[in-house]
Amino acid sequence: MKIIVAIKQVPERDAPVRIDAAGKWIDEADLNWALNESDAYALEEALQLKEKHGGEVVVLSAGPQRVGSTIREALAKGADRAIHVEAADLAQRDALGVAQLLAAAIKPENPDLVLSGLQSDDLGYGQTGVIVAELLNLPHGSLILHVEKTDTGLTVKRELEEGWFQTIELPTPAVLTIQSGGNKLRYATLMGIKRAKTKEMRRVTAAELGSATAPVAVLEHIALPQKQKSTQILSGSPKETAAALVEKLKFEARVL
Amino acid sequence: MSGVWVVLEERDGRVSSINWEALAAGQRLGKQTGLAVNAVVLGAQTEALAAEVAAKAVTKVIRVEHALLSSYTPDGFTLALEQHFRSDQPDYVVFPHTYQVRDYAPALAARLGQVLIGDVIAIGDGPVFIRQLMQGRLSGEYRHSGAGTCFLSVQSGAFRADQAEAGTAAIEIFAPTIDAAQIRTKPGQPFRGSAQTVDLGAAQFIVSVGRGIKEADNLPLVQDLASALGAELAASRPICDNGWLPIERQVGSSGQTVSPKLYLAVGISGAIQHLVGMKGSQCVVVINKDPDAPIFEIADYGIVGDLFEVVPALTAAVKTAKQ
């Protein structure tokens, strides 16, 4: 099975976010970057499928040069090769604009399966995989926790709301977006890190993949969220704040 | 162009509250723009659902009906709505932000050359659509550009279901053309993950733990606090993903929805998927080392500090108070 895993590099969790001077995106200077969490599960699912059935795992990522470090991480975990779509304007593109880039890079590869994470931890659109399927005219499943290969295609376990699940059968080629938690993530081994350096990383520019359509969903402005409640912040030593909180819960909120 | 359309869905013959929230959002958009508000219901048998929606203040309700829509498939729903919206091009289409909508609405919008503005938590003048970024640490303001249809989905709890205005509407039927071969996926019956032995929904006190706990070995710290309070122990998704606590203790959109008297969140940053599961709590206490963690936005009381120091101190204080 030839599997393409679309991954995204996002700011590290809990990295301090500062709004840039234009108020349109975050200041990317001094940020640490990481592999998007649900994409890590998509990669894991792909690697396990390859271990069971053979084939090839190709990672695909769009973004500026810094994305290379996240691609190397995926190669170190066991992906066979990579495609880096060089684009510096990802935050200005809408979900369709990004999906067009990825779909154009995927098409000539003719994969059996395309996996991506459910959603990115930065923009959080949760749409890229579904739109890629639409653009490539492939069937898709979203929120997938488990993938099993069958004689005719795939049987997948899909998460529904509030603890419900569903099994879906679909033919290949197909696109699946993977929910976190379905597998245990592996770490890169030292040997894997060494090998990653020799693996193929092909670069294509966004321009080579076709012209971008103007975004229809335009992010005009970002801001700190508005508070929904007035929060009392209790300060002091751990012992003092603990005592103050118990006091408040008993006599002010009256819940104890 | 033909106004604002709201797409409502049912499950087991029931319309859940988020659908009426989407309708309230659509009505608000209608007032803001001066456009008529219409509704779409789709399925194999939509008569009862359509009648329920027709008792709201909308101009017309369209029953998009076909035998192949009896169970949800992304292909079936996308095709049916594509045909309807091509024949009757709307200015706005409003969806409830459910797992089902997330599965097909992005494809539907793309097929019509558009992009879904998903997970909207507020609508401002313009209109502009507000949604969260960076797991709730920032909010972004989106505008739809161009002459095509603007697709949006509204987050659970962002609008009030009881504000969906009543009225009377005409009901019409639209029969899409769908061939069985066009439906490529075969859905099975929904099933429950595991036998539910914990009913967090009924708990009065909940201590909930997140990534900040760092390791499974540290869980006794919060378990002690929960025991002292007589509370149930719950968790955010990453804790259950790691297998540190069973999934039945997960609070959030993919886990349980809770509304206890006291919800004490320890080391949880507060992504929206978690917040939708607990924001109905009467009193929310947050312990987190990051003062910018989004969960503070819905906290009644907050302690900015190291949970490994604060939690044991709190356990001791609770024990003393209960003596």
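**Exercise 1.** Work out how the axes of helix α4 (residues 128-136) of chain A and helix α4 (residues 99-111) of chain B are placed.

*Solution.* Start with the axes, which are lines fitted to C-alpha atoms over the stretch in contact, with angles from 0 to 180 degrees between N-to-C directions. They come within 8 Å and cross at roughly 45°. Angles under 35 degrees count as roughly parallel, over 145 as roughly antiparallel, 65 to 115 as roughly perpendicular and the rest as oblique, so α4(A) and α4(B) are oblique to each other.

Next, list the residues in contact (C-beta atoms, placed from the backbone, within 7 Å). α4(A) contributes A:Val130, A:Ile131, A:Ala133, A:Glu134 and A:Leu135, while α4(B) brings B:Asp103, B:Pro106, B:Ala107, B:Ala110 and B:Arg111.

A word on the source: this is a predicted model, where local features need pLDDT of at least 70, side-chain atom pairs count only at pLDDT 80 or more, and totals for chains, interfaces and linings use all residues. Residues are numbered from 1 along each chain as its sequence is written, with chains lettered from A and ligands numbered from 1 in the order in which they are written.

**Exercise 2.** Find which residues of α8(B) are buried, and what covers them.

*Solution.* Call a residue buried if 20 or more other C-beta atoms lie within 10 Å of its own. In α8(B), that gives B:Leu307, B:Val310, B:Val311, B:Ala313, B:Leu314, B:Thr315, B:Ala317 and B:Val318. Now look around them: the cover includes α6 (238-251) of chain A, along with α5 (219-229), β14 (262-266), β15 (283-288) and β16 (301-304) of chain B.

**Exercise 3.** Describe chain A as a whole by its helices and strands, and by its buried share.

*Solution.* Count 6 helices and 13 strands in chain A. Of its 256 residues, 48% are buried.

How values were computed:
Helices (H or I, at least four residues) and strands (E, at least two) are DSSP runs, numbered from the N terminus. Two residues are in contact if their C-beta atoms, placed from the backbone, lie within 7 Å. A residue is buried if 20 or more other C-beta atoms lie within 10 Å of its own, exposed if 12 or fewer, and partly exposed in between; C-beta atoms are placed from the backbone.
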